[in-house]
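Dear colleague,

I am handing over the structure below, and my notes on it follow directly after it. Please read them with the model open beside you.

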Amino acid sequence: MEKFTEDKTGSFYSYLSEGCRLCQEGAKMVLFVTGLCPKNCFYCPLSDKRRGKDLVFANERLISSDEDLLKEAELMDALGTGITGGEPLLKLERVLHYIRMLKASFGIEHHIHLYTSLAPGRQVLEKLADAGLDEIRFHPPQECWNDLKNSQYANSLQNAKELGIEAGIEIPALEDAEKVSAFAEEMGVFLNLNELEFSDNNSEALLKNGFCFNPTHPVRLPDPVNLPGLPLRNVKRPIFVPQYIRMQSSSAKDFSESQRILQESLTKSLKTVHWYTE
Ligand code: SF4
């Protein structure tokens, strides 16, 4: 079985991409390039402040000029940037501009990774590679997970690799994640599995889908009065409840049965899993 390392946050991994390594150090600026997105994932945690709004944030700072953005990166001594949204590739020219600007201002060693739920073609990936993108993480929708091999995501991953961009998949730990892990292994790319987080906007959908809140996790539980008809006592526990599969900081012998089953099913076929909880 692949050897996993656990960090102090409860994440465990057998491989860390450079983007993940820098994030773990807190050295990456989070650049939110737009709140627009064509997808409608039930677990989407975007707040009303951002969802559907074409705004730019660097960490928590609303950005209205390039100077604002550079100032935020300087303030935190950022060693890199993670570009997220919404769907960043809806604003491709904006993304290319920011990548070029950050590389020109902080050097090519300023590491930049990008998240996308789309499966861009070769031309778009070439533009991103030319601008200096170091790493890309694809987030295919759950309905594609059964047949990723025959989807456009397989081509995008292959093209990204050929263009010298480190490529991986980043998805929430939902049912069928093990199929994505087998696909990632076949493609020779890394896989990040996220623990879902409850937010004001997704709590009702998460509860309806059978997820429940982990009281030991330091996130705020939405007020039950805002969830008519969904009292917490009626919430069932599904096969995959990421909060309960989270690796605890105590020793391995304390793992719950569900933690053990998930880890075994993933590690059977997967060599490069990075599970994180923050
Ligand atoms: S792709 Fe991301 S931003 Fe878009 S709906 Fe899904 S979780 Fe939200």
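In this predicted model, the largest nonpolar core has 45 residues, of which Ile83 and Val180 touch the most other members. Helix 3 provides the largest share of this core, namely five residues. If neighbours within four places in sequence are left aside, the contacts of Ile83 are Leu31, Val33, Pro88, Val95, Tyr98, Ile112, Leu114 and Tyr115. As general background, nonpolar side chains in soluble globular proteins tend to be buried together.

For the protein as a whole, there are nine helices and 11 strands, and buried residues make up 35% of its 278 residues. Among the contacts with a separation of 6 or more, 68% are between residues 24 or more positions apart.

Helix 3 (residues 92-106) packs with helix 4 (residues 122-131) at an angle of about 20°, and their axes are 9 Å apart. Because angles under 35 degrees count as roughly parallel, helix 3 and helix 4 are described as roughly parallel to each other. On the side of helix 3 the contact is made by Leu92, Leu96, Ile99 and Arg100, and on the side of helix 4 by Val124, Lys127 and Ala131. Sorted by class, the residues in this contact of helix 3 with helix 4 are five nonpolar, no polar and two charged.

The ligand comes next. The residues around it are Cys37, Lys39, Asn40, Cys41, Cys44, Leu46, Gly85, Gly86, Glu87, Ser117 and His139, and this shell divides into four nonpolar, five polar and two charged residues.

Finally, two backbone positions deserve a look. Asn59, although it is not a glycine, has a positive phi of about 50°, and Asn59 lies in the loop between strand 4 (57-58) and strand 5 (61-62). Since a residue is buried with 20 or more other C-beta atoms within 10 Å, exposed with 12 or fewer, and partly exposed in between, Asn59, with 15 C-beta neighbours inside 10 Å, counts as partly exposed. Asp176, also a residue other than glycine, has a positive phi near 80°, and its place is in the loop between strand 9 (166-172) and helix 6 (177-187). With 14 other C-beta atoms within 10 Å, Asp176 is likewise partly exposed.

With kind regards

Conventions: Residues are numbered from 1 along each chain as its sequence is written. This is a predicted model: local features need pLDDT of at least 70, side-chain atom pairs count only at pLDDT 80 or more; totals for chains, interfaces and linings use all residues. A residue is near a molecule or strand if its C-beta atom, placed from the backbone, lies within 6 Å of it. Ala, Val, Leu, Ile, Met, Phe, Trp, Tyr, Cys and Pro count as nonpolar, Asp, Glu, Lys and Arg as charged, and the others, Gly among them, as polar. Helices (H or I, at least four residues) and strands (E, at least two) are DSSP runs, numbered from the N terminus. Axes are lines fitted to C-alpha atoms, for helices over the stretch in contact, and angles run from 0 to 180 degrees between N-to-C directions. Angles under 35 degrees count as roughly parallel, over 145 as roughly antiparallel, 65 to 115 as roughly perpendicular and the rest as oblique. Two residues are in contact if their C-beta atoms, placed from the backbone, lie within 7 Å. A nonpolar core is a set of buried Ala, Val, Leu, Ile, Met, Phe, Trp, Tyr and Cys residues joined through C-beta atoms within 7 Å.
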